[in-house]
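User: Hello! I am new to protein structures and would like to learn how to read one. Could we go through it together?

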Amino acid sequence: MSTVIEMPKLSDTMSVGTVVKWYKSVGETVANGDILAEIETDKATMELENFDDGVLLKLLASEGDEVEIGKPLAVIGEDGEDVSGFEVTPQEPPAQQVSTQATKEPADDSVPSDQETVEVAPPEVTTERAHTGRIFASPLARKIARERNIDLSVIQGSGPNGRIIKKDVVSLSEPSPPKPSSTEITTAKTHTSESPVGRSVPVSKMRSVIARRLLESKTTIPHFYLQKEINSEPIGLARKAINETLAQDSSALSKVSINDLILLACAKTILRVPEINSSWSESEITYHGNVHLAFGVAVDDGLVTPVIRNAETLDLRSISESAKSLITKSRSKKLTPDEMSGSTFTVTNLGMFGIDFFSGIINPPNAAILSVGASIAKPIVDKNGTVRPGETMTLGLSCDHRLVDGAIGAQFLASLGSLLENPASLLVL
Amino acid sequence: MAEITYRDALNQALSEEISRDPNVVLMGEEVAQFKGSYKVSEGLLEKFGPDKIIDTPISEAAFSGLAVGAAMMGMRPVVEFMFWSFCYVAFDQIFNNAANVRYMSGGLINVPIVFRGPANGGTNVGATHSHTPENFAANTPGLKVICPSTPADAKGMMKAAIRDNDPVCVMENTILYNLKGEVPDDEDFIIPLGKARLACEGTDLSIIAHGRSVQVALQVAETLSEKHNVSVEVLDLRSIRPLDLEAILQTVRKTNRVLLVEENKPFCGVDAQIAYLIQEQAFDHLDAPIKRVSAIDVPQAYSKALESFQIPNHDRVLAKALELI
């Protein structure tokens with residue numbers, strides 16, 4: 001009896017996955033635990049593990065193909081079994097990938113005949129379809145989305161079972177840019193000069209997720225913003241001293257960054273002001289028992305926010321090593337969904353780009369986000385009242401006013417500032 | 001315009017049409033001397049005599065067949081069933097003969113007949129007296145089916161039915177007989193068959209109903225407006241066949257949400273067909289699945305308490321409406 005391997009749901013927000021590479025080929029014997037393929041989701045590239053013993057009889061998707069959750073990828077069975085009933089999953093033209101899926105599907109299960117070829121023979125596969133990968137939207141919502149060129153996959157439905165209804169679509173008054181016509185694509189391809197070329201590109205999965213989450217955050221969370229300029233000389237000196245020590249230790253991996261010190265200081269400050277480490281839901285407020293620190297990492301075409309777990313229990317070296325490992329994984333798209341979820345506080349840093357000050361958008365379900373600017377040389381007034389050359393850094397804190405009041409936010413930022421201005425005190429916390 | 005009961009409105013329609021056309025006669029069990037089981041024909045025997053107002057034996061098959069034959073010969077009989085539930089003993093006469101003669105005769109013979117009487121539950125008369133066969137009748141090509149819900153409609157549509165050249169089944173309701181409303185005195189007040197009526201206008205939800213369910217829908221619309229700030233449009237179908245599909249589609253396009261309410265049993269009920277037509281012709285206008293409230297799908301309860309829950313009541317319709325918004 002053959003088994004159909006289907007595209008698994010590898011992240012909460014995934015609707016389709018792309019086969020990056022097949023590790024096994026047709027005819028090969030496979031066993032439970034073997035890695036069959038590498039699958040790229042909206043968040044990361046992950047390994048597809050096999051749970052069946054047998055022979056790989058047929059591949060139903062090629063490398064580079066996008067396959068919806070629940071759609072067949074491969075067939076495993078006994079050598080010589082007939083697999084002619086399994087058809088290769090057809091591909092949508094890439095330029096239309098997301099919007100086609102969002103708008104063209106019929107709303108009920110009585111699919112027209114041209115879609116039936118997608119399905120494979122065993123009935124258990126077809127019964128899975130309704131529960132996976134589909135975007136649930138009312139017929140009216142689909143029609144409006146089609147007319148206004150809105151991608152339903154970026155909309156959070158407010159109807160029953162998360163169904164997207166008219167008001168969800170209408171509230172997105174800004175229609176997304178039109179899809180490129182075939183002539184535009186041709187023009188763009190033949191254009192060889194360096195001048196900018198107007199073009200439209202399909203929204204990537206990552207951008208969809210970023211758009212949805214940040215839109216939800218900025219439109220549903222009552223943000224307020226605090227800022228504090230601190231003397232950044234002490235933290236700079238501390239980092240220099242620490243790295244000089246580390247340089248003499250051959251077992252040390254590498255240097256610590258200012259950001260590592262800030263992450264450590266945040267974890268320690270949260271222990272003093274635990275209200276910052278909370279989440280809102282309509283009926284209750286959750287105060288988290290641990291500090292799971294997320295930090296923003298810019299990657300091609302977007303950003304990700306990997307999470308350092310239980311940061312309050314970690315020392316500077318562990319935080320620094322975790323951060324470096326997560327940054328490497330982020331850039332190679334190897335982060336697992338686990339490493340990207342469950343944060344309780346987020347730090348975002350644009351200091352390396354020379355930005356003096358900014359205010360981030362809260363990363364739900366966090367209560368606040370710390371925005372770190374660059375260390376900038378400027379005249380400062382020291383404790384003796386003398387003006388002298390110094391360095392300052394401006395910290396921004398964006399808070400969810402449902403959870404954090406001004407005084408609490410101010411207390412957090414003041415404590416954090418004081419720790420960073422007196423880094424030695426990090427030793428006693 | 002006078003305010004009169006649904007019963008008197010029917011009486012006026014019969015009286016006016018018998019006066020107007022010498023071919024119109026009323027026949028049925030106890031329509032003459034007893035003035036009708038529900039007193040719809042009160043005063044008509046005195047006014048028109050036993051040639052026009054004819055008491056029949058307890059034999060629906062015989063007098064329905066007699067009336068179909070008379071209609072084929074050019075008369076315009078109005079046949080009263082004490083309950084529409086009793087039409088089942090005259091099934092062949094109504095559903096085979098009356099419905100098909102025009103077609104079978106190649107259009108040479110038409111059958112201008114009206115079958116009328118109450119078709120409703122809610123009065124504690126048991127399973128065999130509480131049928132609502134508008135779906136059976138509407139399922140038969142050749143028959144017209146109407147379910148007036150107000151006194152004015154009862155008069156205007158009854159007159160239209162009598163003047164119609166094909167068989168028309170008029171499904172009345174014993175609970176509506178005492179309902180009062182403004183009814184025009186005009187002898188030519190005719191409500192054309194196949195025209196639905198917007199019973200109230202709204203923007204958030206359409207309740208489509210026929211017969212007494214329209215009155216229930218209006219009460220629910222009031223509750224939704226007062227307590228839930230929901231604006232409900234109520235469409236009274238009035239006529240099941242011909243069906244005013246355009247009016248249905250218009251309200252669906254307006255509110256995008258539909259609740260169908262009827263006293264019919266749900267399986268193959270009238271609203272099953274309406275739900276089909278809406279999804280077929282207004283699919284892209286639906287923002288939610290179509291929902292229905294029908295009679296609960298068991299033989300009519302004799303227990304008054306059970307029956308009042310079995311047929312669509314205010315609370316059941318309200319609960320279903322709240323699921324939709």
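Analyst: Gladly! Let us begin with one term: two strands pair if DSSP finds at least two bridges between them. Keep in mind that this is a predicted model.

User: Thanks! In what sense do strand 5 and strand 7 of chain B pair, and over how many bridges?

Analyst: Strand 5 of chain B and strand 7 (residues 168–172) of chain B pair in the parallel sense, over five bridges. One place to look is B:Pro118, which stands opposite B:Glu172 in strand 7 of chain B.

User: Which sense does the pairing of strand 4 with strand 5 of chain B have?

Analyst: Strand 4 (residues 76–80) of chain B pairs with strand 5 of chain B in the parallel sense, over three bridges. Here you can find B:Glu80, whose bridge partner in strand 5 of chain B is B:Arg116.

User: How many residues of strand 5 of chain B are buried?

Analyst: For this you count neighbours: a residue is buried if 20 or more other C-beta atoms lie within 10 Å of its own. In strand 5 (residues 114–118) of chain B, five of five residues are buried, so by this definition the strand is mostly covered. Both faces are covered. On one side sit B:Val114, B:Arg116 and B:Pro118, and on the other B:Phe115 and B:Gly117.

User: Now for a residue in the other chain. Why does A:Ile35 count as exposed?

Analyst: The cut-off for exposed is 12 or fewer C-beta neighbours. A:Ile35 counts as exposed because it has 12 C-beta neighbours inside 10 Å. You will find A:Ile35 in strand 4 (residues 35–40) of chain A.

User: Which residues is A:Ile35 in contact with, leaving aside its neighbours within four places in sequence?

Analyst: They are A:Tyr23, A:Glu47, A:Leu48 and A:Glu49. Take A:Glu47 as an example: A:Ile35 and A:Glu47 are 12 residues apart in sequence and 6.4 Å apart in space, C-alpha to C-alpha.

User: And if I step back, how many helices and strands does chain A have?

Analyst: Chain A has 11 helices and 19 strands. Of its 429 residues, 34% count as buried. As for contacts in chain A between residues at least 6 apart in sequence, 64% join residues at least 24 apart.

User: Last topic: sheets. In what order do the five strands of the open sheet in chain B come?

Analyst: The order is 9-11-10-13-14, and the pairing is mixed. Strand 9 (197–200) and strand 14 (291–293) of chain B are the edge strands, each pairing on one side only. From one strand to the next, the twist averages 25 degrees. Strand 9 of chain B runs antiparallel to strand 11 (residues 232–236) of chain B, and three bridges join them. Within that pair, B:Leu198 has B:Leu235 in strand 11 as its bridge partner.

User: Which strands does helix 8 of chain B lie across?

Analyst: Helix 8 (residues 245–255) of chain B lies across strand 10 (205–209), strand 11 and strand 13 (258–261) of chain B, running at about 175 degrees to strand 11. Helix 11 (residues 314–324) of chain B also packs on the sheet, touching strand 10, strand 13 and strand 14 of chain B.

How values were computed:
Residues numbered from 1 in each chain as written. Chains lettered and ligands numbered in written order. Predicted model: local features only at pLDDT ≥ 70, side-chain atom pairs only at ≥ 80, totals over all residues. Helix = DSSP H or I, 4+ residues; strand = E, 2+ residues; numbered from the N terminus. Contact = placed C-beta atoms within 7 Å. Axes fitted to C-alpha atoms, helices over the stretch in contact; angles between N-to-C directions.
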